[in-house]
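Subject: Structure for you to look at

Hello,

Here is the structure I promised to pass on. My notes follow below it.

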Amino acid sequence: MTKNGTFRLFTKPSKLKGGESFLKEQISLLIKLQKNDSETERIKINKKKLPERIISLDEEFRRVGSKVEKERKNFEKLKKSHGEEEEKLKRGIENLKKTKNKLLEVKTNKEYQAMLKEVEIAEGRNSEVEDRIIGVLEEIDNIKEEIKIREEELSAYRLTYEKERHGVEKDMDSIDAELLACQKNIGDIREKIDADFLKKYDGIKGIRNGLAVVPVWNGVCGGCHMNIPPQMYNELQRSENLISCPNCNRIIYWADISKK
Ligand SMILES: [Zn+2]
């Protein structure tokens, strides 16, 4: 603390001889450095996330596709069981015809009664098979409808999926160039910043979650959200000194965030 109560932590009298413009420039360089460092972090996180996004897009597409597959398999099963029941019915009708023919050959009433019973049983069995066939045909109709719905769902989803996947692939293509550009900016900016300022910047960045330079607006530090002493806030607006937040120690600058 200086006698007027502000934190003139980084002023270097020798360099300030050149005027305030040196400090103003340094502050603006530190702000730019922070922007590029934060951007680099964001890009790196994104770079890791993009391949994961591709995997989850592919998985979702397969999941939607598998619903159609499942219904198609059910359809095949039903078709097979329909064929089997039709075969059974055909055989049942033939057997019934044979039994009815035998009716003509019987000689005694007792035999006749027994044959009639046999015909009745065969007719009952055939009717059961017919009922089952009707049931299977109904199920086939339903499943055809279901397949149609699922196929429409899949083709609609395919459009979204392909568009999104293409977007992610494009991002993956450009992200390395973006990262490189950012890293080059960082190199250029660092060259122009005073060594002591840089040391301070790197030190705070290391312990403050990558955030060393923050704006202050309405008297509140953008890093720790604590109030800055009024006198310091006034000094900050004149940007005559490189000031650090008394609470989180981050380098602070005055910025009218409301205009952004
Ligand atoms: Zn703070």
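How many of the 260 residues of the protein chain, as a percentage, count as buried? The figure is 13%. Please keep in mind that this is a predicted model.

Overall layout

The protein chain contains five helices and four strands. Their order along the sequence is α-α-α-α-β-β-α-β-β. The radius of gyration is 41 Å, well over the 18 Å that the globule rule gives for 260 residues, so the protein chain is more spread out than a compact globule. The C-alpha trace spans about 135 × 35 × 30 Å along its principal axes. If contacts are limited to residues at least 6 apart in sequence, 74% of them join residues at least 24 apart.

The sheet

The four strands make an open sheet, ordered β2-β1-β4-β3, with mixed pairing. At its edges are β2 (220–221) and β3, each of which pairs on one side only. Going through the pairs in turn:

- β1 and β2 run antiparallel and are joined by two bridges; Trp 217 has Val 220 in β2 as its bridge partner.
- β1 and β4 run parallel, with four bridges between them; Pro 215 is partnered by Tyr 253 in β4.
- β3 and β4 are antiparallel, paired over two bridges; here Ile 243 has Ile 252 in β4 as its bridge partner.

Leaving aside neighbours within four places in sequence, Ile 252 is in contact with Val 214, Val 216, Cys 221, Leu 236, Ile 243, Ser 244 and Cys 245.

The core

The largest nonpolar core has 23 residues, of which Leu 30, Tyr 201, Ile 251 and Ile 252 touch the most other members. At least two residues of this core come from each of α2 (20–103), α4 (195–207), β1, α5 and β4. The most come from α2, which gives five residues.

α4 has 13 residues and covers 19 Å from its first C-alpha to its last, close to the 18 Å expected at 1.5 Å a residue. Its buried residues are Phe 197, Tyr 201 and Ile 204. Seen down the axis of α4, these buried residues fall within an arc of 75°, so they line one face of the helix. On the face of α4 turned away from the buried side are the exposed residues Ala 195, Asp 196, Lys 199, Gly 203, Gly 206 and Ile 207.

What is buried in α5 (residues 230–238)? The buried residues there are Met 232, Glu 235 and Leu 236. They cover an arc of only 105° around the axis, which puts them on the same side of α5. Note that a glutamate is among these buried residues, namely Glu 235. They pack against three strands, β1 (213–217), β3 (243–244) and β4 (251–254). The face of α5 turned away from its buried side carries Pro 230, Gln 231 and Arg 238, which are exposed.

Positive phi angles

Most residues other than glycine have a negative phi.

- Asn 209, which follows α4, has a positive phi near 60°.
- His 225 is not a glycine but has a positive phi of about 65°. It lies in the loop between β2 and α5. His 225 is exposed, with 10 other C-beta atoms within 10 Å.
- Is Asn 249 buried, exposed or partly exposed? With 18 other C-beta atoms within 10 Å, Asn 249 is partly exposed.

In short

The mixed sheet has the order β2-β1-β4-β3. The buried residues of α5 pack against β1, β3 and β4, while the buried residues of α4 line one face of that helix.

Regards

Conventions. Residues are numbered from 1 along each chain as its sequence is written. This is a predicted model: local features need pLDDT of at least 70, side-chain atom pairs count only at pLDDT 80 or more; totals for chains, interfaces and linings use all residues. A residue is buried if 20 or more other C-beta atoms lie within 10 Å of its own, exposed if 12 or fewer, and partly exposed in between; C-beta atoms are placed from the backbone. The arc is that of the directions from the helix axis to the C-beta atoms. Two residues are in contact if their C-beta atoms, placed from the backbone, lie within 7 Å. The radius of gyration is taken over C-alpha atoms; the globule rule is 2.2 Å times the number of residues to the power 0.38. A nonpolar core is a set of buried Ala, Val, Leu, Ile, Met, Phe, Trp, Tyr and Cys residues joined through C-beta atoms within 7 Å. Two strands pair if DSSP finds at least two bridges between them. The expected span of a helix is 1.5 Å times one less than its number of residues.
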